[in-house]
Amino acid sequence: MSGLPIGRDRVLVLEKRGHFSQSAALLVPVISIICALFGGSLFLLATGYDPVEIYVTMLSGAFGSAYGLSETVVKAIPLMLCGLAVSVAFRMQLWNIGAEGQLYMGAVAASWVALFHGEGSRLGVLALMFLAAAAAGGIWGLIPAIPRALFKVNETITTLMLNYVAILYSNYLVYGPWKDPKGMNFPLSAVFPEHATLPYFGDTRIHLGLVFGLIAAVMLYIILWHTRWGYEIRVIGESPVAARYAGMNIARNILLVMALSGGLAGLAGMAEVSGITQRLQPNLSPGYGYTAIIVAWLGRLNPFAITGVSFLLAGLLVGGYNMQMSGLPAATVSILQGAILFFILGGEILTKYHLRIRDARGIEVAE
Amino acid sequence: MTTPLVKMVSITKRFPGVTANKDIYFELRPGEIHALLGENGAGKSTLMNILTGLYMPDEGDIYIRGTKVKFSSPRGAIESGIGMVHQHFRLVPTFSVAENVIMGSGDHGFFVNMKSVEEKLARFSGEYGINVMPGSKIWQLSVGEQQRVEIVKMLYRGTNIMILDEPTAVLTPQESRELFATLRRMADMGKGIIVISHKIQEVLDNADRITVLRDGRYVDTFSGKDTDSRKLTMAMVDRDISFGQNLADKPKGNFILRLKGLTVLGDRGQKALKSLSLNLCKGEILGIAGVAGNGQKELAEVIAGLREVAAGDIEVRGERFTGKSARAMIDAGISLIPEDRLGTGLVGPLNIMENSILKNYRSGEVASGWFINWKRVREYAHRLVDKFDVKTTGVDAPVRMLSGGNLQKLLLAREITNDPDVIVAVYPVRGLDVGAIEFVRNILLRQRDTGKGILLISEELEELFMLSDRVAVIHEGEIMGILDREDFDLERVGRLMAGEREEGAYERAANR
């Protein structure tokens, strides 16, 4: 019998649970986080920091003040939009790893509107930016979808590769043609005119993009569970064979879903340039498109759960910045964040399996 | 009296919600072929899984050659000389026979002495009459040959308590006879053979003793010589079975579906159907007999629009439908009852409501514009469940929780409620228990009587003879012959299934 040997004649094995355990589903993430914090604290102790102090800094940085809280929400917006974006694709077993690139293309398109067609009413300009970003992200999602639908070209690779194209294209624009002539040669575009920026809530940095995200979650929910199209998406995702049998057009749905997925990620790009940076610049995203993959899985591809999880992961990001300000090296912060995610995702397996100790030889002659 | 090889006493095994085995007694003597007979769900597999160490019994004792044992994993059972040939073979297709045989036997060091392996295989073929070519790759072998490799694998491991799970399900009548001859030789050498089966005639012909299980309980153990099929049937089902009578006149209706010289490629690019012609009339059941894997799957798929036509034509009600999409075929009134119920016919994780509208989710019956009206879907699903007596905890339950019989009922309910003209049923009763089989067969007969054309693909000749108005025999993608009801003959069909062509088969296929 296979398994991890633990002492004489004893092995540790993973056994599939007979049925999905509700209590395990609730308990496992909590235990995972405790384990993560404990594991992280060992590491912190080894590098000479007081773990309790560090954790308090992290927590209070993310959720303990009005400013921290608003920063968490600000970071949650792109995570939410990208998380929703990849979740629709994942539901159809399309592994869209390209939300990062789709975000950048959305940002580029929104910036193009803001910089070169920024005349007119604020509502008109913003609507135009919104549509341009959604279209650009959608097209960026559609490009890998076409070979996938027609020739079964693996979209994991193509979407990933297109990220580099999109990021470098955006860089080219800010280092080259779109560079602000008054910008002292910094690689930045000109600042957007005021009516090309998203309005804020009060005097926080939380912008209208939050509403985009929340509306997107509700819309996705309605599409998936109340429309014929969403029904097709769910059937195809669970069983492409059954979908074909039911006469559904899988190729068309691949194109539509990847366009929707890319469009949502593109909106995250618009929200970032219009709401936060108010110009196109390099390093627009610290990898929101990748973190979104974790958001989508932790939210079990459920639109509302994804919304919640995006706030938690945003808190982890903001708390990380706060720890850096209190003197912890950036690398240490990354290690801690990685450890926490590692434990949470690793703990996931325990909702489906449980650990058992078994006799290694597998036979006992009783008498 | 010799010590029994296996003695299982008062075995009880409970799973959440069901008692799969209750107080079961089973005994296997050296030198006997012992059949374990019962409907699906009677507890045969659970009992054998306990014997092979996969499950531990909640109560009861197991004695191997008189010694009480407790297996906490399959390894213990293997070491005690117990081996099982599963219905789905555990072989690596790209490995040779010899490589598959030594796999997992564990008595080799880093280097394998293939010479000694081959010598041992040659010895088996002398002793038991099992011929295998040690150098052939598994994928080159027929299903029957693969089964022989599985048996040799068990012999190589020193198995002397051999369990075979429905071993003849995939074999031709000829191959089945050879298999039992081999098993008999093995029994004569003192080994004990357990054959799990639900085929009464086969069990009567071949087994020394027969233990019958019903609803997880032990019924009785019969001696093969002193019993008959009626007694065994009564023991298995504890009720009389009446299949619907098939007394309808010969079909005189029009052709509803015509296949003209159809050539279709299989998954590996081979010609799965070779210029095949068939006509299906209104109000008839046309049975397709043949050993699984001779083009039946491709035949069903091409009619349902799920596989491309390489050459030839498909006509529905006289209209050309060649190369139409699956959706077009559904809209043309062609319904496929697929072999793979859970996965193709139904979507396991989705609930009964969602599965009940798989074919008509676009119709006004359950949708308004872009939106699905779940209230109407709920009513619709309730209608299907009530009409076909699907046993379920509710229409919100995922269909993967349903038993095989209830899955098939739900599937039939959905397909028939859509009122198709042609029903293509692929192995519609495979894996079902006697009660569900009767239900499914009666539905097919009733649909036939309402004037639908039914193409029934089955591997059970008895079933085909019972239900069909005509039987066509398929072999390697070709129709070897078509028999009218009055010509039904087991031997003749068996010969056709094995590939012996009858004169004029094509002419009759095309012209009838």
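This is a predicted model: local features need pLDDT of at least 70, side-chain atom pairs count only at pLDDT 80 or more; totals for chains, interfaces and linings use all residues.

Author: What follows is a quick tour by topic, starting with how to read the model.

Reader: Ok. How many helices and strands are there in chain A?

Author: Chain A has 13 helices and four strands. Those are DSSP runs numbered from the N terminus, with helices being H or I over at least four residues and strands being E over at least two.

Reader: And what share of chain A is buried?

Author: Of its 367 residues, 44% are buried. Buried means 20 or more other C-beta atoms within 10 Å of the residue's own, exposed means 12 or fewer, and partly exposed is in between, with C-beta atoms placed from the backbone.

Reader: How many residues of chain A are in contact with chain B?

Author: 26 residues of chain A are in contact with 34 residues of chain B; contact means that the C-beta atoms, placed from the backbone, lie within 7 Å. On the chain A side, α8 (228–238), α9 (240–245), β3 (353–359) and β4 (363–365) each give two or more residues. α8(A) gives the most, with six residues.

Reader: How does that side divide into nonpolar, polar and charged?

Author: Eleven nonpolar, six polar and nine charged. In that scheme Ala, Val, Leu, Ile, Met, Phe, Trp, Tyr, Cys and Pro count as nonpolar, Asp, Glu, Lys and Arg as charged, and the others, Gly among them, as polar.

Reader: Switching to chain B. Which domains does it have?

Author: The assignment gives domain 1 (6–237), domain 2 (246–333 + 422–430 + 451–512) and domain 3 (340–419). The bounds come from an automatic or database domain assignment. The C-alpha centres of domain 1 and domain 3 of chain B lie 38 Å apart.

Reader: What about the six-stranded sheet in chain B, what's the strand order?

Author: That open sheet runs β16-β19-β20-β13-β21-β22 in chain B, with mixed pairing. Its edge strands are β16 (334–337) and β22 (478–484) of chain B, each pairing on one side only. Strands count as paired if DSSP finds at least two bridges between them.

Reader: How do β19 and β20 pair?

Author: In chain B, β19 (residues 422–426) and β20 (residues 453–457) are parallel, over five bridges. Within that pair, B:I423 stands opposite B:I454.

Reader: Which helices lie across those strands?

Author: Helix α9 (residues 296–303) of chain B lies across β13 (285–289), β16, β19, β20 and β21 (470–475), at about 155 degrees to β19(B). Helix α16 (residues 490–497) of chain B lies across β13, β21 and β22, at about 30 degrees to β21(B). The angles run from 0 to 180 degrees between N-to-C directions, using axes fitted to C-alpha atoms, for helices over the stretch in contact.

Reader: Now β7 in chain B, who are its partners?

Author: β6 (residues 82–85) of chain B runs parallel to β7(B) over four bridges, with B:V85 opposite B:L164. β8 (residues 192–197) of chain B also pairs with β7(B) in the parallel sense, over five bridges, and there B:I163 stands opposite B:I194. Four of the five residues of β7 (residues 161–165) of chain B are buried.

Reader: What's up with B:E166?

Author: B:E166 has a positive phi of about 45 degrees although it is not a glycine. B:E166 is in the loop between β7 and α6 (173–188) of chain B.

Reader: Is B:E166 buried or partly exposed, and why?

Author: B:E166 counts as partly exposed because it has 17 C-beta neighbours inside 10 Å.

Reader: Last one: what does B:L411 touch?

Author: Not counting residues up to four places away in sequence, B:L411 touches B:I337, B:R341, B:G345 and B:L346. B:L411 is in helix α13 (residues 404–417) of chain B. B:L411 is buried, because 27 other C-beta atoms lie within 10 Å. The C-alpha atoms of B:L411 and B:L346 are separated by 7.1 Å, although the two are 65 residues apart along the chain.

Technical notes:
Residues are numbered from 1 along each chain as its sequence is written. Chains are lettered from A and ligands numbered from 1 in the order in which they are written. Two residues are in contact if their C-beta atoms, placed from the backbone, lie within 7 Å.
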